[in-house]
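Open the model in your viewer and keep the selection panel at hand. Follow the stops in order.

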Amino acid sequence: MYAQNVDTGVKKVRGADEMSADEAAFQARIDEGIKIEPKDEMPAAYRKTLIRQISQHAHSEIVGQLPEGNWLTRAPTLERKLILLAKVQDEAGHGLYLYSAAETLGASRDDMQADLLSGKAKYSSIFNYPTLTWADIGAIGWLVDGAAIINQIPICRCSYGPYARAMVRVCKEESFHQRQGFDIMHTLCNGTEEQKAMAQDALNRWWWPSVMMHGPRDGDSVNTAQSMQWKIKLFTNDALRQKFIDQTVPQADFLGLTIPDPELEWNEETGHYDFGEPDWDEFWNVLKGYGPCNQERLQARIDAEEGGAWVREAAEAYAEKQAARKAAAAA
Amino acid sequence: MTEAPNMDNARYEYLLQLGDSDLILGQRLAALCGHGPALEEDIAMTNVALDLIGQARFWLSYAAELKGEDADEDTLAFLRDAPAYRNLLLVEQPNGDYGQTIVRQCFYDVWHFFVLQALMQSTDTRIADIAAKSIKEVQYHVERSGDWVVRLGDGTEESHRRTQAAVDKLWRFTGEMFRSSEAEQALIESGVAVDVATLYEPWHAHMQALFEEATLTLPGDQPMQTGGKAGEHTEHLGYVLAEMQHLQRAYPGARW
Ligand SMILES: [Fe+2]
Ligand SMILES: [Fe+2]
Ligand SMILES: [Fe+2]
């Protein structure tokens, strides 16, 4: 999802009998539902995996500002412009909370950001798709924020305290985003023929990327199993994807839109929708940097960082001068 | 305007002046969202954009009521072309580097504050109410942009150079802020509008103190560019509007 493919660094998930005393004690705390706090002892792999997961999530929030930011200057009404501005601003705030949560584990924000800009760190594949029409802003709120909520509500109960608490704040705002996105779609679907076509086109382009947002099929992924044992992931990618589809199909029906999956069908027996297989080659390509907008997204972040360097340096230099003046005055 | 405007027309024009400057500056700032020099700064600058566009909605809604017919804040924002826009030339200037963004903001914020402070006493209670609602936000804008002018001016050699260049570049747009349009002149006596000429001194004094702290030099007298309040804009506004109005123009009559 926002952290789609987090390496835990383990080859095999160990049972209690294979753990050291420290590891077993740590696992017992997690199993009892006791939150791990920054000062607590924790296995190095747990710390490292969490830093990876939280920083990927933070990067996704920051890069996630860009596709929607693309329509800030073109929002069709003043009210829509304000709502979109507030939303894109929220995403920057989410990035901040998450960087702070990662910092409690000993990561530095500068290092994390450097990893993003160098391409070493990943962010969600979804933000590498273009926003071509206003309906894309509706589709992102409805589908992408919708998928984010499904992923993030369980993380509010994850084992690491600061991450769980950051997620509580984030989730409240994400559900507002989702409602706003749905409202844009609803307005379009009740508008002119051109607007309806715009909404359908946006769904056609955003559906599969949204389905892939939940990450690759888990299969017998060691990383999934390990993360679930640590309770930093509470459901498998496949379970979250199913939940997303089950939740979204009736909403698309309500809007009068057609989901572009001929295999999509309600299954009485399972009580879930059956659905077709996403194009996983496309997913891996986007993750490796070959999506439609990877270059533009990263370049925008690099430009902001480089273009702002002199501003940050000035602020630092001024703070130093002020401190020196204060010290001189006190002496 | 060739003939002397009647009172309602003058009031309508005046509300456009107030609303358009807020809107165009908000629109300029909105383009920076997600591209700021630091995350915290991005969030803070977006707050200013939110405030300004929010205030523009108050002014334009009131203007639309006076206009009647089917006018509303959106028809005024999205269906007027550049010659009908009444904003100051200053606010339509490009974001440039962050020094230019901040200097533009600072010039406007301080002027904006003094205007609203005076308008809180407007004999038009609706105008007075909007001014009272807005001034708290603008007080914060003044502090923030002033703070940055000082940090950039007295920061590094590079930041000083860039910021001074921005001041020198934008100074020619400041004169317009203190020259009343015909609409304003028609409303001063009745106490609806503020006589902006009276704001020059406090504005200039504020700038002088601020620039001294920032180790920046205020330019002296020079010929000023004017025309915004009469709809004669710089080349930039046409592009700002082309982008902002794109959907409303491409799909006439659609609801969004
Ligand atoms: Fe978010
Ligand atoms: Fe998120
Ligand atoms: Fe969101």
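Predicted model: local features only at pLDDT ≥ 70, side-chain atom pairs only at ≥ 80, totals over all residues.

**Stop 1**

A:Glu61 sits in helix H2 of chain A, residues 44-63. A:Gln152 sits in helix H6 of chain A, residues 134-155.

**Stop 2: the end of helix H2**

Stay on helix H2 of chain A and pick A:Val63. A:Val63 has a relative accessible area of 0%, which means that this residue is buried, the limit being under 20%. The C-alpha atoms of A:Val63 and A:Arg301 are 7.4 Å apart in space, against 238 residues in sequence.

**Stop 3: a loop in chain A**

Move to A:Asn190, in the loop between H7 and H8 of chain A. A:Asn190 counts as exposed, at 56% relative accessibility. Draw a distance from A:Asn190 to A:Ala135: the C-alpha atoms are separated by 13 Å, and the residues are 55 apart along the chain.

**Stop 4: aromatic pairs in chain A**

Show the rings. Over all chains, the structure holds 20 aromatic pairs. Select A:Phe182 and A:Phe254, a stacked pair with 6.2 Å centre to centre and 25° between the planes. A:Phe182 belongs to helix H7 (residues 161-189) and A:Phe254 to helix H10 (residues 237-255), both of chain A, so the pair ties together parts 72 residues apart in sequence. A:Phe254 is exposed, with 58% relative accessible area.

Then select A:Trp207 and A:Phe244. These rings are also stacked: 5.8 Å centre to centre, 25° between the planes. Why does the pair tie together parts that are 37 residues apart in sequence? Because A:Trp207 lies in helix H8 (residues 193-212) of chain A and A:Phe244 in helix H10 of chain A. A:Trp207 is buried at 1% relative accessible area, and A:Phe244 counts as buried at 0% relative accessibility.

**Stop 5: rings in chain B**

Switch to chain B. Select B:Phe107, B:Trp171, B:Phe178, B:Tyr200, B:Trp203 and B:Phe211: ring pairs link these residues into a cluster.

Two arginines come next. B:Arg80 lies over the face of B:Tyr85, at 4.2 Å from the ring centre. B:Arg151 lies over the face of B:Trp148, at 4.3 Å from the ring centre.

**Stop 6: a helix crossing in chain B**

Finish with two helices of chain B: H5 (residues 98-119) and H6 (residues 125-153). At what angle do the axes of H5 and H6 of chain B cross? They cross at roughly 145° and come within 7 Å. The crossing of H5(B) and H6(B) is left-handed. Which residues make up this contact of H5(B) with H6(B)? They divide into 16 nonpolar, eight polar and two charged.

Key
Residues numbered from 1 in each chain as written. Chains lettered and ligands numbered in written order. Heavy atoms only, no water. Axes fitted to C-alpha atoms, helices over the stretch in contact; angles between N-to-C directions. Helix = DSSP H or I, 4+ residues; strand = E, 2+ residues; numbered from the N terminus. Left-handed = near helix turned anticlockwise from the far one by under 90°. Nonpolar A, V, L, I, M, F, W, Y, C, P; charged D, E, K, R; others polar. Phe/Tyr/Trp six-rings, centres within 6.5 Å; stacked < 30°, edge-to-face > 60°. Buried < 20%, exposed > 50% of the residue type's maximum accessible area, 1.4 Å probe, protein only. Lys NZ or Arg CZ within 6 Å of the ring centre and 35° of its normal.
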